[in-house]
Structures are given as C-alpha cells and as structure tokens.
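Try each task before you read its solution.

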Amino acid sequence: MKTMATSLKVNDLFPPGRYLLMGNEALAIGALLADCRFFAGYPITPSSEIMNFMAKYLPLVGGTFIQMEDELSSIMAIIGASWAGVRAMTATSGPGFSLMQEGLGYAVMTETPIVLVDVMRAGPSTGQATKSAQGDVMQARWGRHGDQEVIVLAPAFAQEMLDLTIEAFNLADLYRVPVIILPDEIVGHLEEVVEIPNEKSVTKVKCREPKTPEEPHFGGDGINIAPFPTLGKGYNVLVTGSTHDEKGYRKTQDPLVHRKLVWHLVNKVRKNKDKIIKYEVSGEDNARIGLVAYGSVYRAAREAIELGREEGIKIALFRPITLWPSPEEILRKFAEDTGVDAIVVPEMNTGMYVLEIERILKDIVPVYALNKIGGGEPISPEEIIGYVKKVIRGV
Amino acid sequence: MASQTHPLDKYLRTEVFPHVMCPGCGNMSIANAFLRAVDKVYGSFEKFVFVSGIGCAAWIPSPHFKADTVHTLHGRPIPVAMGIKLANPALNVVVISGDGDLVAIGGNHLLHAARRNADLLVIMVNNFNYGMTGGQLAPTTPSGAVTITTPYGNPEHALDVSKIVAEAGANYVARWTILHQIQLERSFIKALQMEGFRFIEVLSPCTSRYVPRNFGNLKNILDFFKKNTIDIQSAKRKGTIGDKILVGEFVIRDRPGLLRSIQLLREKALRQWEGKRK
C-alpha cells in the first residue's frame with residue numbers, strides 16, 4: 001500500500017518554469033521557496049492575495065497558516081514562530097502596517113528574524129484601499145519609537161517579488177533583523193511572466209544556533225551578531241523587549257548596557273550595508289539628468305529614458321532596490337561618475353525619499369522632486385520627461 | 001553556614017533571587033503552586049516555554065523560571081505563544097500575565113485564543129488593578145473601588161473574565177484565590193495534561209496599591225477572599241451566590257485543540273491534492 005506523503009515539495013505544486021503571475025502571488029511563491037513555513041495575517045487590500053495564497057498552499061508543504069484577529073497579533077505570532085525556529089512572514093498594507101509598528105519594534109529589540117510585506121496603498125488612514133502610492137517609505141524606516149535600523153526592499157517586477165522575498169529571508173536571518181518588503185499596489189497587482197526556479201537551486205542562508213552554552217544569545221559588536229538560540233533546545237533563553245544584556249537579563253538601569261545594545265542594533269545594519277545594499281544603474285552615457293526612482297515609478301522612469309532619447313535628452317537612472325539602509329556612497333559615486341547637472345526624484349507621495357537623496361547629494365548636485373498624489377493615477381513616463389525638461393530649462 | 005536550598009530550586013534562576021515582588025504580593029505563592037504541579041507531572045522544565053506580557057505577573061517567569069521565557073509586549077503574550085506552539089507543537093507553552101495585560105490591552109487576543117481553543121495554558125493573576133504603574137483602574141476593578149485613576153470610586157463594572165473565557169470556548173477554566181493553594185495546584189496538574197485552551201484565574205492581593213486603598217491591610221483582603229468566595233459546587237446546592245465571588249472549575253471540555261484541528265485539515269488538503277493529481 002502506498003502511504004500518502006506528509007507534505008509536498010514546492011516544485012510539486014509549481015514545477016520549475018515560466019508562469020503568468022500576479023506580483024503578490026509571485027511573492028508568496030518566493031516565500032515558500034525560501035522555506036517560509038508559518039504565516040499569520042489579517043485581511044487587507046491590496047495585500048490579501050498573499051495571505052489567500054498562503055492559506056491554500058502552506059498546509060500542503062507542511063507549514064501553518066493562521067488568520068489572526070488583527071495586525072497586532074499577526075506580527076506577534078510570526079515573532080513567536082520565528083523563535084520556535086520556523087521562517088515566518090506576514091503581509092499587510094498601510095493601516096495594518098501602522099498597527100504592526102509595535103511588533104516591528106519588538107522584533108528589532110529582540111533581534112528576531114521576520115519578513116513583513118507592506119503593499120503600499122494610498123493614505124493617510126483608510127485612504128484609497130485599491131490605489132497605489134509610495135507614502136510608507138518613511139514609516140518603514142522611522143515608524144517605531146526609539147533608535148533602530150531595519151532593512152527595506154522595493155521590488156518593481158513580479159519576478160522580483162519572488163526573488164527579493166528569498167533575499168529578504170536570508171537578510172533577516174543573517175542580521176537577525178526584520179526585513180520589510182515594500183512594493184506599491186501596482187507591483188503587487190500587476191501580472192507578468194515569472195520564472196519559478198528549481199527549489200534545489202534556491203540559496204538559503206540561515207541563522208546559526210549557539211555552539212556552546214557560553215555563547216551570547218543577543219547583541220554583538222555591530223559586525224558580529226550573536227547566534228539565534230531558538231526555543232525548546234535547552235538554551236534557557238530570556239527574550240525581552242526591555243533593555244537586556246547578552247544573555248537576555250533585563251538591565252534597565254544600566255547606561256552602559258543600554259548604550260551597547262542600541263548601538264549594536266543600529267550598527268549591525270549600518271556597518272554591513274555594503275553587503276546588504278542592492279541597486280541598479282541604467283540609462284545613457286554623458287547624461288545631463290539623473291533620475292532616482294524605485295518601485296512602480298522605476299518602470300515609468302525607464303520609459304522616460306526612451307522618450308528623452310527621442311527628444312535628444314540624455315538621462316541616467318539610479319534605482320535603489322534596497323531603500324534602507326540608503327545607498328549613500330553608491331549614490332554619490334553615481335552623481336560624480338555621471339556628472340549630471342541635476343537629479344530628479346519622481347515619487348507617488350508629497351516628497352519622502354527625495355529628502356534622503358537631498359541629504360546625500362546636496363553638496364554635489366541639485367535635487368528636484370516630482371511628487372504626485374495620484375489618487376489612483378500613477379506617474380506616467382510623459383510626466384517624468386515633461387518635468388525633466390522643466391528642470392533643464394531652469395538649470 | 002550551610003547554603004539554603006529549596007526542593008523547587010532546580011526550576012529557578014536562583015542567581016536572580018531575592019525577587020523584586022512586594023512583601024505580601026501573591027505572585028510567588030502562585031509560582032510555588034505551579035512549580036509543585038510541574039514537578040509532580042513532568043519533573044523538569046524540558047520543552048516548556050513561558051510567555052508573558054508587561055506587568056508584575058509577567059515577571060513571575062521572566063527571569064525567575066529556569067526555562068525558555070519570552071517577555072513580550074504589553075497585551076501580546078497570547079499571540080506570541082500561539083506562534084510558538086503552532087510552529088513547534090512539541091513545546092509546552094504557558095502564558096503567565098496579569099489582568100490588565102490579558103483583559104484590557106490584550107482582551108481581544110484572549111477572547112479569540114479561547115474561541116480557537118488554542119493549545120495554551122494561560123495563568124492570569126488578577127490583582128484588580130495595574131500594580132506596576134501605580135495602581136490604576138483595570139477591567140477587573142470592582143464597582144466603587146478606589147484606584148489612583150478612580151480616586152472617588154470606580155464608576156464602571158468589572159468583567160467576569162473566567163465566565164467569558166468559558167463561554168468563548170476554552171477547554172478548561174478555573175478560578176481560585178491565592179489561599180486555595182491545594183485546589184490551585186490540582187487545577188495546574190489537571191490543566192497541564194489537557195489539550196486546547198486552558199485558563200486559570202488567580203485572585204491575588206496587590207499589597208502596595210490596591211490593598212491599602214481598599215482593604216487597609218493584607219489580612220483584610222485575605223479575610224475577604226475567605227468569606228466572600230463561594231465554590232461552584234456549594235453555589236449549585238444553595239442555588240444562589242449572593243454578592244460572593246464564584247471560585248472553582250467553570251468548565252471542563254474535551255474539544256479538539258487548534259493544533260489537532262489544523263493537522264486534520266492539513267491531511268485533508270493533502271488527500272485532495274493527491275486526488276486531483278490522479
């Protein structure tokens with residue numbers, strides 16, 4: 001008698017090959033390929049396809065899906081699962097992302113590897129549930145109280161929804177830090193051809209467990225990060241969101257312990273940013289204008305380069321794939337190497353990431369913001385090239 | 001002088017003692033009853049994980065228990081505990097926290113974990129107020145009681161937490177006071193061996209905040225616990241509880257826990273998938 005398999009492989013469900021997939025679905029498959037075996041979430045447009053997908057497929061690959069009572073509990077449940085040694089993810093959008101800030105801060109403080117997806121919709125508040133925006137860029141970086149760093153990735157294609165999700169799990173494990181995947185609604189909902197890889201070829205870099213009882217459970221010197229002592233293995237772990245020493249004991253009255261902990265939490269991202277940051281440079285040589293664009297706006301910016309070419313305007317394009325930590329040195333080098341007269345930052349918000357670009361480039365080149373509160377209309381390539389022409393006239 | 005040891009020392013991080021609970025606080029006598037129960041049922045903390053929120057009761061396991069302890073955010077121990085248990089069913093997950101943590105800020109999680117029959121043992125220390133922050137009003141503060149935020153008396157009504165958790169679908173619910181050491185230990189022993197959601201509420205004196213404002217001294221509240229509680233069995237015989245607080249076992253059920261339900265559906269999902277492929 002043939003016994004039934006206790007679980008299936010991801011490639012049993014999705015054999016390697018090319019598929020037409022929605023961005024959110026591609027992201028969910030990326031999570032399955034990355035060994036994500038726990039998902040807790042709460043329904044919210046425009047991210048719900050991710051949880052719907054996980055509800056259907058996670059049980060088949062031996063994972064656990066649970067729909068929680070709210071976003072506060074969703075993020076806390078994945079933190080619990082991560083401590084139990086299982087890769088875990090949640091997905092949400094603006095209003096839910098606001099609620100999850102609480103849990104994100106706890107994950108930062110307890111050095112818990114988790115992956116959180118925020119498919120950006122138009123805010124503030126309930127705003128426009130089905131419309132795209134890039135208004136959560138600063139919230140992703142600064143949304144919690146206290147000093148901290150997290151890693152934020154901005155995919156622009158359905159394929160990247162899959163690829164960057166695998167990357168997100170590896171980064172979360174490597175640096176014991178929450179990783180936020182931050183597509184906008186357009187990237188979440190667009191359908192494109194996606195190549196699903198053979199799962200054996202997927203790179204998984206996982207946390208290591210402590211080798212001896214003496215090894216610290218938390219902290220480090222910013223570069224070296226303590227191993228991840230998961231629950232139930234006899235480590236007698238003390239996990240706490242309060243200030244703690246390297247064995248987890250609460251030390252809330254000790255200035256030195258607090259200072260060391262906070263600088264470690266910040267420096268483990270800052271000092272490793274060369275290894276973390278991903279970006280792309282494209283466009284023309286001898287360009288006059290440099291565009292900096294991410295997410296779905298990057299797609300419009302690519303077309304704007306073509307439009308510029310037809311009109312004899314040479315444009316170079318810098319695309320931060322890792323929004324945070326921001327690519328400071330790389331961006332400065334881009335401005336210097338291309339020698340552009342001006343930088344234009346088109347964004348679907350009232351001017352957010354442009355503040356970071358200005359901070360980085362202000363001594364090198366003037367930075368202009370093209371901001372659009374679209375209310376449902378994306379930024380078009382024509383709008384970008386129109387604004388570029390205005391800038392050229394003004395420079 | 002020979003060093004003093006206690007038979008339950010192996011469950012404690014003795015290096016953090018003496019503990020920081022106030023003199024007369026009920027927290028450590030609850031811990032004592034719980035540890036006696038664990039010692040009788042398991043004899044060790046192997047595979048135990050303790051999850052707590054924010055507040056005095058949350059400090060019972062963290063850092064005192066020599067086990068994996070997760071000290072979480074205010075109100076959120078139950079979702080963290082659910083994530084741990086669902087991700088690793090081999091672990092024995094116990095939540096220990098206070099009434100403010102579990103019923104006010106975390107009330108929604110408590111209600112839904114009971115509804116789901118999540119496989120957790122939740123121990124709620126009910127001291128009728130927020131002790132750690134100075135003695136503010138809690139959802140469990142009786143009407144008329146004085147707290148620092150109800151200086152003229154509480155205008156609201158208290159929630160009967162055990163009743164609600166029992167109604168919501170828990171497999172086991174019991175309420176005792178810290179004076180019911182034997183009954184409490186028996187409840188822990190029983191609950192530790194059950195599946196599904198198990199909830200044990202323990203009425204406990206907050207000797208720094210609630211007791212001085214409402215009872216004068218510790219003896220008075222302990223007398224109140226003795227005189228003003230009535231066991232569910234005797235209440236049934238009498239047919240009335242008057243203005244007394246009901247103690248005892250509110251519900252004992254044998255419904256499948258959330259884990260078992262999920263596992264059954266996982267098998268069904270696989271069968272459906274295999275069927276489709278043929």
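**Exercise 1.** Which residues does A:Val152 touch, not counting residues up to four places away in sequence?

*Solution.* A word on conventions comes before the steps. This is a predicted model, in which local features need pLDDT of at least 70, side-chain atom pairs count only at pLDDT 80 or more, and totals for chains, interfaces and linings use all residues. Residues are numbered from 1 along each chain as its sequence is written, while chains are lettered from A and ligands numbered from 1 in the order in which they are written.

Step 1: list its contacts, meaning C-beta atoms, placed from the backbone, that lie within 7 Å. They are A:Ala140, A:Arg141, A:Ile180, A:Leu182, A:Leu323 and A:Trp324.

Step 2: check the sequence separation of one of them. A:Trp324 is 172 residues from A:Val152 along the chain, yet their C-alpha atoms are separated by 5.0 Å.

**Exercise 2.** Is A:Val179 buried or exposed?

*Solution.* Step 1: recall the cut-offs. A residue is buried if 20 or more other C-beta atoms lie within 10 Å of its own, exposed if 12 or fewer, and partly exposed in between, with C-beta atoms placed from the backbone.

Step 1: count. A:Val179 has 28 other C-beta atoms within 10 Å, so this residue is buried.

Step 2: look at its surroundings. A:Val179 is found in strand β9 (residues 179-181) of chain A, and its contacts include A:Val115, A:Ile151 and A:Leu171. A:Val115 is 64 residues away in sequence and 5.0 Å away in space, C-alpha to C-alpha.

**Exercise 3.** Which residues of α14(A) are buried, and what do they pack against?

*Solution.* Step 1: check the helix length. The expected span is 1.5 Å times one less than the number of residues; for the 14 residues of α14 (residues 381-394) of chain A this should be 20 Å, and the end C-alpha atoms are 20 Å apart, which agrees.

Step 1: pick out the buried residues of α14(A), which are A:Ile384, A:Ile385, A:Tyr387 and A:Val388. They cover an arc of only 160° around the axis (using directions from the helix axis to the C-beta atoms), which puts them on the same side of α14(A). An α-helix has 3.6 residues a turn, so residues three or four places apart point the same way.

Step 2: turn to the other face. A:Glu382, A:Arg393 and A:Gly394 are the exposed residues on the face turned away from the buried side of α14(A).

Step 3: name the partners. The buried residues pack against β13 (289-292), α11 (296-310), β14 (315-320), β16 (342-347) and β17 (367-371) of chain A.

**Exercise 4.** How many residues of chain A are in contact with chain B?

*Solution.* Step 1: count both sides. 38 residues of chain A are in contact with 35 residues of chain B.

Step 1: find the main contributor. α4(A) gives the most to the side of chain A that touches chain B, with nine residues.

Step 2: look at the strands. β11(A) is joined to strand β2 (residues 68-71) of chain B by three bridges, and the two run parallel; strands pair if DSSP finds at least two bridges between them. Here A:Val239 stands opposite B:Val70 in β2(B).

Terms used
Helix = DSSP H or I, 4+ residues; strand = E, 2+ residues; numbered from the N terminus. Contact = placed C-beta atoms within 7 Å.
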